[in-house]
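This briefing sets out the secondary structure and packing of the model shown below. The points are grouped by topic.

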Amino acid sequence: MSSLRDGFHRTIDYLRISVTDKCNLRCIYCMPSGGVVPIEYKEILRYEEIARILKVAAKIGVRRVRITGGEPLVRKDIAHLVHLIKQIPEIRDLSLTTNGILLEQHAEELAGAGLNRVNVSLDSLSAEKYTEITRGGNLDAVLRGIQAAEKVGLVPVKINMVPIRGINDSEIEAFAKLTLNTSYQIRFIEFMPFDSQDLWSPERFVAVDEIRSRVGNLGTLVPAPVRKSGPAHYFRLEGAQGVIGFISPLSNHFCGECNRLRMTADGKLRPCLFSETEIDLKPALRQNMSDDEIHRLIILSVKVKPEGHNISMRQAGMENLFKFRKGSGRPMSKIGG
Ligand code: SAM
Ligand code: SF4
């Protein structure tokens, strides 16, 4: 089987596909309250176009795919895309990241179409706080969505939580305790600065070292043997059913282990979350070029994948990191997280 290697000897086998930049929430750490200027409908890739790209990518080494957004469940008939991707034999893992609001309605058809797993973003276990963070979201809907996902076998359910000091960091321990009696994977992700929100500041940032030490006060953390598909480092509170993952894009970035490309909803390959470099696949798709051209562009985006991002706090200091990000690039909801 062929594999894709970049210029720094990393194997690239994972593609995150954003299927829409639209969202039914406006999380304070992701979007401005009024939302962002939407990508024009005609610019958004059709499902058949996404599947065509994936067929080429799979031939040259992509094995795992994650569907994301915006909120992927707001796009019509997303199960059809799942179905199309499942026809590609080389893709052996297909997952989806969602805010969970519409998951209860869609879990069964997604599982039926062949989806393997879901990641649900959930930043508070208090109904009021959840509504505040998401600017209007309903916690009960998400909890029902998680239960529905478990029921139809979209497991293990991974729950992504972004601790923000003074907003929800007091809930770190409560989230960690969820693993005691459930098989959830709770993943703590460092709050990243993007110019789509004004919330980020060095004071708001909670580093993984701090999160881990607070979780460690609840019991002994032992390394957990989890099949890794990304940058999380997994542990288990001794005796717990579920596991806890720590993802530290800023305090200790994991570029050396990076195995992924991202594709935006309008068909741009983005080799690195933190770099503005994008390679546009849409002209090749829409000007009837051959699969060879798509192949060439995918290889090109792997070749230009940078060795790492240069916004390490340790090297640059928090203030510089803040300046670096402000005023640049697409918001997270448009890249796909
Ligand atoms: N709407 C879906 C969701 O919320 O899961 C998928 C897209 S969302 C952009 C993907 C992930 O990005 C979510 O887990 C969210 O928590 C994360 N995210 C968004 N803004 C972030 C930020 N500033 N720092 C860290 N993670 C962020
Ligand atoms: Fe929407 Fe996800 Fe961004 Fe929240 S994090 S605004 S749910 S895209």
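Axes are lines fitted to C-alpha atoms, for helices over the stretch in contact, and angles run from 0 to 180 degrees between N-to-C directions. Helices (H or I, at least four residues) and strands (E, at least two) are DSSP runs, numbered from the N terminus. The model is predicted: local features need pLDDT of at least 70, side-chain atom pairs count only at pLDDT 80 or more, and totals for chains, interfaces and linings use all residues. Residues are numbered from 1 along each chain as its sequence is written, chains are lettered from A and ligands numbered from 1 in the order in which they are written, and side-chain values use heavy atoms, with hydrogens and water left out.

**Helix packing**

- Helix α2 (residues 78–86) packs with helix α3 (residues 103–113) at an angle of about 15 degrees, and their axes are 8 Å apart. That angle makes α2 roughly parallel to α3 (angles under 35 degrees count as roughly parallel, over 145 as roughly antiparallel, 65 to 115 as roughly perpendicular and the rest as oblique).
- On the α2 side, Ile78, Ala79, Val82, His83 and Lys86 make the contact, and on the α3 side Glu109, Leu110 and Ala113 do so (contact means heavy atoms within 4.5 Å).
- By class, the contact of α2 with α3 has 5 nonpolar, 1 polar and 2 charged residues. Here Ala, Val, Leu, Ile, Met, Phe, Trp, Tyr, Cys and Pro count as nonpolar, Asp, Glu, Lys and Arg as charged, and the others, Gly among them, as polar.
- The crossing of α2 and α3 is right-handed (a crossing is left-handed if the near helix is turned anticlockwise from the far one by less than a right angle, and right-handed if clockwise).
- Helix α6 (residues 172–181) and helix α7 (residues 208–216) have axes 10 Å apart and pack at an angle of about 60 degrees. That makes α6 oblique to α7.
- The crossing in which α6 passes α7 is right-handed. Ile172, Glu173 and Ala176 of α6 meet Ile211, Arg214 and Val215 of α7 in this contact, which comprises 4 nonpolar, no polar and 2 charged residues.
- Helix α1 and helix α9 (residues 291–303) pack at an angle of about 70 degrees, with axes 9 Å apart. That makes α1 roughly perpendicular to α9.
- The crossing of α1 and α9 is right-handed. Arg52, Ile53, Val56 and Ala57 of α1 form the contact with Asp291, Ile294, His295 and Ile298 of α9, and these residues divide into 5 nonpolar, 1 polar and 2 charged.

**The sheet**

- An open sheet of 12 strands with mixed pairing runs in the order β7-β8-β9-β6-β5-β4-β3-β2-β1-β10-β11-β12 (two strands pair if DSSP finds at least two bridges between them).
- The edge strands are β7 (221–223) and β12 (279–280), each of which pairs on one side only.
- Strands β1 (residues 14–18) and β2 (residues 64–68) are paired in the parallel sense over 5 bridges, and Ile17 stands opposite Ile67 in β2.
- β7 and β8 pair in the antiparallel sense over 3 bridges, with Phe235 in β8 as the bridge partner of Pro223.
- β8 and β9 also pair in the antiparallel sense over 3 bridges, and Phe235 has Ile244 in β9 as its bridge partner.
- The hairpin formed by β8 and β9 has 5 residues between the strands, and Gly239 in the turn has a positive phi of about 90 degrees.

**Helices on the sheet**

- Helix α1 (residues 47–59) lies across β1, β2 and β10 (260–263) and runs at about 170 degrees to β1.
- Helix α7 packs on the sheet and touches β6 (185–189), β7, β8 (233–237) and β9 (243–247), its direction making about 160 degrees with that of β9.

**Backbone geometry**

- Most residues other than glycine have a negative phi, and most peptide bonds are trans.
- Arg135, a residue other than glycine, has a positive phi near 55 degrees and is found in the loop between α4 (127–134) and α5.
- The peptide bond from Val155 to Pro156 is cis, with omega near -5 degrees. Pro156 lies in the loop between α5 (139–151) and β5 (158–161).

**Ligand 2**

- Cys23, Leu25, Cys27, Cys30, Met31, Gly70 and Asn99 are the residues around ligand 2 (a residue is near a molecule if one of its heavy atoms lies within 4 Å of it).
- The shell around ligand 2 has 5 nonpolar, 2 polar and no charged residues.
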